[in-house]
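Here are my notes on this model. Please read them with the structure open.

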Amino acid sequence: MKSLLRFKSKLTPVFGLVFIGPFPPLFALGHLLQHLRCYSGVATQWQNETRSIKCNDMLNEFTTYCYQRDLPGAMKALNSLQTHKIWADAVTYSELIKCCLARGAVEQGKRVHQHVFSYGYEPKTFLINTLINMYVKFNMLDEAQALFDQMSDRNVVSWTTMIAAYSSAKINNKALEFLILMLRDGVRPNMFTYSSVLRSCDDLSNLGQLHCSILKVGLESDVFVRSALIDVYSKMGQLECALCTFNEMVTGDLVVWNSIIGGFAQNSDGDEALTLFKRMKRAGFSSDQSTLTSVLRACTSLALLEVGSQVHVDVLKFQRDLILNNALLDMYCKCGNLEDAHKIFTRMVEKDVISWSTMIIGYAQNGFSRKALELFKEMKVSGIKPNYITVLGVLFACSHAGLVEDGQYYFHSMKKLFGIDPGREHYGCMVDLLGRSGKLDEAVKLIHEMECEPDAVTWRTLLGACRVHRKMDLAEYAAKQIIKLDPSDAGTYILLSNIYAHTHKWEDVMDLRRSMRERGVKKEPGCSWVEVNKQIHAFIMGDNSHPQIEEIKKELNQIIWRLKEVGYVPDTNFVLQDLEGEQMEDSLLYHSEKIAVAFGVMSLSREKTIRIRKNLRICGDCHLFAKLLAQIERRSIVIRDPIRYHHFQDGICSCGDYW
């Protein structure tokens with residue numbers, strides 16, 4: 001028994017095999033190695049499966065966080081992926097990048113960039129494009145450019161993203177340069193490339209070449225490209241080219257209609273904008289916010305209150321659209337209908353600085369300065385910070401209310417109070433304010449102290465003050481400054497000519513008129529528009545083309561006769577020719593605004609306001625005419641000239657006889 005136990009103690013178990021003696025026999029080594037390999041393979045397979053399960057778990061966790069837009073969770077999971085040298089698919093990373101963009105998470109976005117390029121990993125072109133777009137959206141063009149330069153394979157999206165980025169940043173030369181490089185690289189631009197690069201085009205010759213390139217590749221019918229072409233032609237004032245591009249083919253898209261209507265409206269061609277709008281409606285298209293904004297702008301430029309009120313009905317469908325409401329508010333203000341403007345303003349659910357500024361300037365320009373300043377106080381209480389335009393409206397209100405001290409306070413403290421540096425327009429308002437109050441020496445001093453060079457408008461403001469206060473020497477000085485800056489300003493030549501005539505400087509009159517002839521300067525004919533029954537009637541001095549012109553002249557003669565009975569005497573100081581006696585009065589009689597007012601008296605009931613828009617500043621005689629007519633006829637007359645609005649009622653004008 002003992003010997004048996006001793007024998008068993010010498011048995012050596014190895015992987016299920018029993019060997020007798022201290023060493024296994026040689027024939028058993030093969031079996032041993034085979035078993036070792038078997039167990040090693042099983043272990044490796046088990047380890048691989050375990051790692052695979054762990055990787056899948058990490059990837060699933062990361063993917064879930066990315067799609068749920070859980071940025072902290074996704075970034076924590078990203079760190080785990082980095083540690084284990086694991087990478088997700090490009091679409092998942094793109095979801096994370098969207099999350100970074102939505103949160104403005106720049107550092108996290110950079111971390112994603114670092115991860116996808118770590119350990120020599122080469123991300124797909126799609127993912128690199130997404131990262132470039134991320135840097136563009138973060139306004140980090142240098143980083144976007146650096147990543148773009150590293151790309152070995154750039155596709156149309158890569159190039160277009162960079163072109164659009166430089167175009168949006170107004171780095172126009174770079175956008176155009178990239179288009180050339182893209183073509184040299186053999187990549188064909190698509191509709192998004194062209195629509196982006198067109199926005200960078202500020203030269204007509206470049207635009208022509210781009211247009212030819214678009215025609216060559218057959219993209220001229222694309223909605224985005226065609227719309228961009230129309231926009232850029234309009235921006236350059238080439239409205240005929242814009243219209244030709246529009247008319248080349250029948251359009252089936254509202255975007256193109258909006259581009260052409262907006263182009264004419266922004267270039268102050270309201271007539272054509274409204275004509276195109278009617279064409280659009282007849283073609284079966286419904287208006288959207290963009291269409292209505294442009295149409296309201298056209299109504300504003302033409303002072304078409306009745307048409308604008310019609311458009312207001314369509315605006316009600318989009319009553320919570322801030323941009324559209326601001327356009328509607330601007331239309332009512334600039335058509336001189338402050339009552340409806342105030343209703344719109346008070347009903348607006350959302351108001352921004354543009355809303356407040358529009359209403360403040362509306363009150364100020366229409367002669368309601370006190371209301372403008374009261375509204376400015378409300379604006380500050382509301383927490384809306386004034387901008388450059390707001391302060392301009394406040395200074396305009398101070399100017400027309402004669403509030404010299406208030407105006408000086410806001411002007412000298414605008415930088416401290418609102419962080420706004422005074423601009424040329426603010427200086428112009430102060431010159432107007434000082435000029436109105438008779439402080440002409442201070443006005444001249446302020447002009448010479450301007451941080452920016454005074455322009456012709458600034459000097460015209462001074463000239464207007466000199467005319468009112470009969471400061472002929474200073475008026476002559478201001479007029480000469482205007483002519484230096486704007487040699488084609490016919491109105492200033494004529495005013496200076498009248499100044500010389502009033503002071504009997506006949507040689508100077510002749511020299512000045514000779515200079516006008518040599519320079520080809522001609523006085524723009526006065527033109528006035530009046531809206532009657534939703535139709536515009538235009539009148540030009542000396543033009544007898546209106547079908548009712550004889551009736552209108554008869555009505556005007558009767559009005560003049562009635563006005564003379566209450567003391568009206570034509571002010572021949574405003575005659576712009578060398579005429580005498582009755583000839584001078586006849587010249588005044590047929591000024592375009594008088595003809596338009598007479599037509600309004602004929603055509604509109606006494607309860608309706610006669611609204612006139614004219615292209616030149618109203619003369620003193622026509623101003624007096626409108627005041628007296630409003631009084632004896634008990635009518636309301638509104639005349640809008642390029643300088644301001646005149647509300648005539650009960651023999652008084654809202655401008656206080658200063659314009």
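**Notes on helix packing and strand pairing**

1. Start with H8 and H9, which cross in the left-handed sense. Bear in mind throughout that the model is predicted. Helix H8 spans residues 156-168 and helix H9 residues 172-184. Their axes lie 7 Å apart, at an angle of about 165 degrees. An angle over 145 degrees counts as roughly antiparallel, so H8 is roughly antiparallel to H9.

2. Next, strand E5, residues 610-614. One face is covered: Ile 610, Ile 612 and Lys 614. Arg 611 and Arg 613 make up the uncovered face.

3. E5 pairs with strand E3, residues 527-532. The two run antiparallel and are joined by three bridges. Ile 612 of E5 is the bridge partner of Val 530.

4. E5 also pairs with strand E6, residues 637-640. Here the sense is parallel, with four bridges. Val 638 in E6 is the bridge partner of Arg 611.

5. What is the handedness of the β-α-β unit made by E5, H33 and E6? The unit is right-handed. Its helix, H33, covers residues 620-632.

6. Last, helix H32, residues 592-603. The 12 residues reach 17 Å from first C-alpha to last, close to the 16 Å expected. Of these 12 residues, 10 are buried, so H32 is largely enclosed by the rest of the structure. The buried set includes Glu 593 and Lys 594, along with Ile 595, Val 597, Phe 599 and Val 601.

Definitions and conventions. Residues numbered from 1 in each chain as written. Predicted model: local features only at pLDDT ≥ 70, side-chain atom pairs only at ≥ 80, totals over all residues. Heavy atoms only, no water. Expected span 1.5 Å × (residues − 1). Buried < 20%, exposed > 50% of the residue type's maximum accessible area, 1.4 Å probe, protein only. Pairing = 2+ DSSP bridges. Right-handed = clockwise from strand over helix to strand, strands pointing away. Axes fitted to C-alpha atoms, helices over the stretch in contact; angles between N-to-C directions. Parallel < 35°, antiparallel > 145°, perpendicular 65-115°, else oblique. Left-handed = near helix turned anticlockwise from the far one by under 90°.
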